[in-house]
Amino acid sequence: MTSAPVELPRNVGELRAAGYLPRSIKTEIRDNLLTELRAGRDPWPGIVGFSRTVIPQLERALLAGHDVVLLGERGQGKTRLLRTLVGLLDEWTPVIEGAELPEHPLDPITPASQRRAAELGDELPVAWLHRSLRYAEKLATPDTSVGDLIGDVDPVKVAEGRSLGDPETIHFGLVPRAHRGIVAINELPDLAERIQVALLNVMEERDIQVRGYTLRLPLDVLLVATANPEDYTNRGRIITPLKDRFGAEVRTHYPLDIDAEVDVVRQESHLTAEVGEPLLEVLARFVRHLRESNAIDQRSGVSARFAVAAAETVAAAALRRSAITGEEPAVARPVDLEAVPAVLRGKLEFEPGEEGRETELLEYLLRRSVADTARERFAGLDLTPLANAVADGNLVTTGERIPGRDVLAALPELPVLHDVAARAGVEPDDSPGRIAAAVELALEALYLSKRLAKDADDDTTVYGV
């Protein structure tokens, strides 16, 4: 974040002359959202798969000036979506310099700021707050207190001689400090019910109550929250009066198609080695099969973070092989998928009665995902010459210590291998590792269709007959 431009007004007189009139946070967001939509720009950078479902609902809620709760299973991008709201704020907004809350210089709300404004008039100093500092986020936990969110009496100020009824004895919490900004509460049902009650006045009357003392602050905040449907019945719930005060409840979802799932993985993962599009498709299908499986607890969901972690695990396996064999660049191959079930099994919740079958289930669904991807990639391509070459004694050995050039060296020159590489998006003169990744996918497809045999031990896999 850079410093505020020097040409911006520095006192109330200059601010008034420049036309910076107070504007509510919801009006500001509405105006900026309309500007983006009219200009044909995307107000939601980095959000994938919601353009025809979640985004229109959220935009309507913001245009209506509603507080919003996003309801959906874990790993659906709820928090990421809320954080993009910052982009709908003005880049710089004026505040009273030195004030405890970010108050508009032309509309002070605390007694201290009102007193300063009356004393200094047009000379009241103005500072500028960047939009990144106008978003406050709180993870709801059972130990969150009213003081954390709303505020509490500051014993130091009381000790200085102020009375308990003096509003200047209050130490403000997260919500008042987000005045003229956005407050996001993650996992709202995890807040104790008595803490949720403390938010009622904030959302309806826009004032705060601290230890029985009501401080009339015309707070200006957009309150947004996330919740998991499971939370309504298990760990907690959103109390009815609070739920009623949210103007909109928007339901999120996992990516609806393979391409969107791949886009999410590609965008969110930090890959230490090259993972080709076919393998990302395998992982996307794997996650979708998990979400459809009766053996997985679908109430908790299968997070998009699972697919991201799977891609990163596959890349790490390729990087390890590259370090051992000296092959560059490090390219993931289908054999690296074997690392996924064992490493990521703990990220899933299984239904009762599936104990002891977890790894078996994951391996089965992973094989299905490979078969589905290979079937689509190689549709209409006759792999018989490759199957015949292996049947004629050209056994192919692969594994975590086998470089791509050794995989290719086991096979004779076959025109079908060029077709296989092309279907996988690999050029004929590309690196051995990339071509070997495509060939391995074809060999695995032949094995899964029972046209080849496969013998696997701890670190090697042999395709034969």
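Figure 1. Leucine 222 is in contact (heavy atoms within 4.5 Å) with Ile25, Lys26, Ile29, Leu62, His66, Asp67, Gly181, Ile182 and Val183, its neighbours within four places in sequence being left aside. This residue belongs to strand β10, which covers residues 221–227; helices (H or I, at least four residues) and strands (E, at least two) are DSSP runs, numbered from the N terminus. Leucine 222 is buried at 2% relative accessibility, where buried means under 20% relative accessible area, exposed over 50% and partly exposed in between, with a 1.4 Å probe and protein chains only. Valine 68 is 154 residues away from leucine 222 along the chain, yet their C-alpha atoms are separated by 8.4 Å. The model is predicted, so that local features need pLDDT of at least 70 and side-chain atom pairs count only at pLDDT 80 or more, while totals for chains, interfaces and linings use all residues. Residues are numbered from 1 along each chain as its sequence is written, and side-chain values use heavy atoms, with hydrogens and water left out.

Figure 2. Alanine 178 counts as buried because its relative accessibility is 7%. Apart from neighbours within four places in sequence, the contacts of alanine 178 are Ala136, Val183, Asp220 and Val221. Proline 108 lies 70 residues from alanine 178 in sequence, and the C-alpha to C-alpha distance between the two is 14 Å.

**Figure 3. The largest nonpolar core and leucine 290.** A nonpolar core is a set of buried Ala, Val, Leu, Ile, Met, Phe, Trp, Tyr and Cys residues joined through side-chain atoms within 4.5 Å. The largest one has 66 residues, and Leu290 and Leu386 have the most contacts inside it. Two or more residues each are given to this core by α12 (258–268), α13 (277–292), α14 (304–325), α15 (339–344), α16 (358–377), α17 (384–391), α19 (415–423) and α20 (432–448). The largest contribution, nine residues, comes from α20. Another core, of 32 residues, lies apart from this one and includes Ile109, Ile170, Ala178 and Met203. Leucine 290 itself touches Ile296, Gln298, Val302, Phe306, Leu348, Leu362 and Leu365, residues up to four places away in sequence not being counted. In soluble globular proteins, nonpolar side chains tend to be buried together.

Figure 4. Serine 369 is found in helix α16, and histidine 289 is placed in helix α13. With a relative accessible area of 0%, serine 369 is buried; histidine 289, at 11% relative accessibility, counts as buried too. Beyond residues up to four places away in sequence, serine 369 touches Val282, Arg285, Phe286 and His289.

Figure 5. Glutamate 328 and proline 329 are joined by a cis peptide bond, with omega about -5°, and proline 329 lies in the loop between α14 and α15. Glutamate 187, a residue other than glycine, has a positive phi near 55°. Its place is the loop between β7 and α9 (193–198), and with a relative accessible area of 23% glutamate 187 is partly exposed. Lysine 450 likewise is not a glycine and has a positive phi of about 65°. Lysine 450 lies in the loop between α20 and β13 (453–456) and is exposed, its relative accessible area being 75%.

**Figure 6. Context of the close-up views in the whole chain.** The protein chain has 20 helices and 14 strands. Its C-alpha trace spans about 95 × 55 × 40 Å along the principal axes. The radius of gyration, taken over C-alpha atoms, is 29 Å, whereas a compact globule of 465 residues would have a value near 23 Å, by the rule of 2.2 Å times the number of residues to the power 0.38. Buried residues make up 51% of the 465 residues. Of the contacts between residues at least 6 apart in sequence, 75% join residues at least 24 apart.
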